[in-house]
Amino acid sequence: MTKANVHRIIPFSAVDGPGNRMVIFLQGCNFDCVYCHNPETIALCNHCAICLKACPSDALAWENGKVCWNEKLCHHCDSCIKACPHTSSPKVREMNIEDVISYMEKVKPFISGITVSGGECTLQIDFVKALFQRAKEMGLTTFLDTNGFVSQDAFIFLGDDMDMAMVDLKTWNKEAHRELTGKDNTLVLQSIRYLAEQHKLYEVRTVIVPGLLDNQQTVKMVSQLLSALDQNIRYKLIRFRPMGVREKAASLEDPSDILMEELSDIARNEGCKHVIVV
Ligand code: SF4
Ligand code: SF4
C-alpha cells in the first residue's frame, strides 16, 4: 500500500492554485532554505523525545520507542515544533491513500481540486501519483507545488495525472541559490522549461528578501525566461515575512511597497502578462 509522511492537510485554500483547493503538505525537503517559513517540514522526526516535555497539553507520549501525537489533546500551540532541534514535528502522520481520500470526500462539494505541496512533495512521488489518480476519478483537478529540484523523469512519471505545477525560483544566481538553499538552481530551471513546454506550468514564485538576495536581477531574468516560454504563465512575487522563520533569518526585513512595485514593473516590462504581488 502506498503511504506518505503527511505534515498537514488544509481543507480549503485560495492561494495554492486556481479556485478553492484542498492542500496536502508532505513532510521532507531536499532544500534547507535560510528563510524557510516552515522549517518543521524539512526533516523526518527521529523520535529523540526532546519535544515531549515542551507539550503543555499531554498531547505527546512515548509509546513503543516512538513519540506519539494525540490530535484530540493538541491545541496547536506549536511549542513542540519550537523545541525540536531537528527541523521536524512530532505531528507528522504516516497516511495511506485511503486516509487522505476520506479527507477529500468530506470537502469534495466545496473544492475544485487538490494541490500537493511540502516540504518537497516529489520526494514521495509514488504517493503523489496514486493520489492524483484517485482525485481525477473524483472529478478533481490536480496541482503540484514543487521547489523544482527534481528530475524531468518525475514529471514524465506523473504524466496527465498531474494537471499543472507551481515552481519556486528562489534566486537567479547559482552561487546565491546554493548559499540560500544548499543546492544550485540548474535543475529548477530545467523543470521550469520542461513544464512550460508541456503547457503544465501554472505559476513561478519568487520570495523577495531585501538585503539577502539580488531581487532585481532574479525578477528581470525570470521574467525574460517566462515571457520567452509563454507570456501567460503567472509570476508571483511574494513578500518575505520574518514570522515563523529560524533565528538566523529573523533579523531579515520584509520588502517595502516601493520595492514590490518596482519589481512588478520590471516583470511587466520584461513581458510577463500576469504578475501577482502578495
Ligand atoms: S519532533 Fe523533533 S524533538 Fe520531537 S521527537 Fe521528533 S525529532 Fe525529536
Ligand atoms: S502543538 Fe505540540 S506542544 Fe502544542 S499542544 Fe500540540 S503537541 Fe503539544
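The following legends describe close-up views of a predicted model.

**Figure 1. Overall architecture of the predicted protein model.** The fold is built from 8 helices and 11 strands. The radius of gyration is 19 Å, close to the 19 Å given by the globule rule for 278 residues, so the protein is as compact as a globular protein of that length. Along the principal axes, the C-alpha atoms fill a box of roughly 60 × 45 × 30 Å. Of the 278 residues, 50% are buried. Among contacts with a separation of 6 or more, 67% are between residues 24 or more positions apart.

**Figure 2. The surroundings of ligand 1.** This ligand is surrounded by 13 residues, of which C45, N46, C48, C51 and C84 are the closest. By class, the shell around ligand 1 comprises 9 nonpolar and 4 polar residues, and it has no charged residues.

Figure 3. With a relative accessibility of 30%, D78 counts as partly exposed.

**Figure 4. The largest pocket and its lining.** The space in the largest pocket amounts to about 940 Å³. The pocket is lined by 31 residues, and H37, N38, D145, D168 and R205 are the closest to its centre. Divided by class, the lining has 12 nonpolar, 9 polar and 10 charged residues.

Figure 5. H47 is found in the loop that runs between β2 (21-26) and β3 (60-63). The phi angle of H47 is near 55 degrees, a positive value in a residue other than glycine. The relative accessible area of H47 is 24%, and this residue is partly exposed. K53 also lies in the loop between β2 and β3. K53 is exposed, with a relative accessible area of 83%. The C-alpha atom of K53 is separated by 28 Å from that of I24, and these two residues are 29 residues apart along the chain.

**Figure 6. N70 in the loop between β4 and α1.** The loop between β4 and α1 contains N70. N70 has a relative accessibility of 34% and counts as partly exposed. Between the C-alpha atoms of N70 and I111 the separation is 28 Å, and the two residues are 41 residues apart along the chain.

**Figure 7. The cis peptide bond between G118 and G119.** G118 and G119 are joined by a cis peptide bond, for which omega is about 10 degrees. G119 is found in the loop between β6 (113-117) and α3 (125-137).

Figure 8. L180 lies in helix α5, which covers residues 174-181. This residue is buried, with a relative accessible area of 3%, where under 20% counts as buried. Not counting residues up to four places away in sequence, L180 touches D32, C33, V34, Y35, K170, L212 and L213. K170, one of these contacts, is 10 residues from L180 in sequence, and their C-alpha atoms are 8.3 Å apart in space.

**Figure 9. V222 and its contacts.** Helix α7 (residues 215-229) contains V222. The relative accessible area of V222 is 2%, and this residue is buried. When its neighbours within four places in sequence are left aside, V222 is in contact with L169, W172, V204 and Y235.

Conventions:
Residues are numbered from 1 along each chain as its sequence is written. Chains are lettered from A and ligands numbered from 1 in the order in which they are written. This is a predicted model: local features need pLDDT of at least 70, side-chain atom pairs count only at pLDDT 80 or more; totals for chains, interfaces and linings use all residues. Side-chain values use heavy atoms; hydrogens and water are left out. On a 1 Å grid over the protein atoms alone, a cavity is a set of points where a 1.4 Å probe fits but cannot get out, and a pocket is an open set with protein on both sides within 12 Å along at least five of seven lines; lining residues have an atom within 4 Å of a point. Grid points are joined across faces, edges and corners, and a volume is the space filled by probe spheres set on the points. Ala, Val, Leu, Ile, Met, Phe, Trp, Tyr, Cys and Pro count as nonpolar, Asp, Glu, Lys and Arg as charged, and the others, Gly among them, as polar. Helices (H or I, at least four residues) and strands (E, at least two) are DSSP runs, numbered from the N terminus. The radius of gyration is taken over C-alpha atoms; the globule rule is 2.2 Å times the number of residues to the power 0.38. Buried means under 20% relative accessible area, exposed over 50%, partly exposed in between (1.4 Å probe, protein chains only). Contact means heavy atoms within 4.5 Å. A residue is near a molecule or strand if one of its heavy atoms lies within 4 Å of it.
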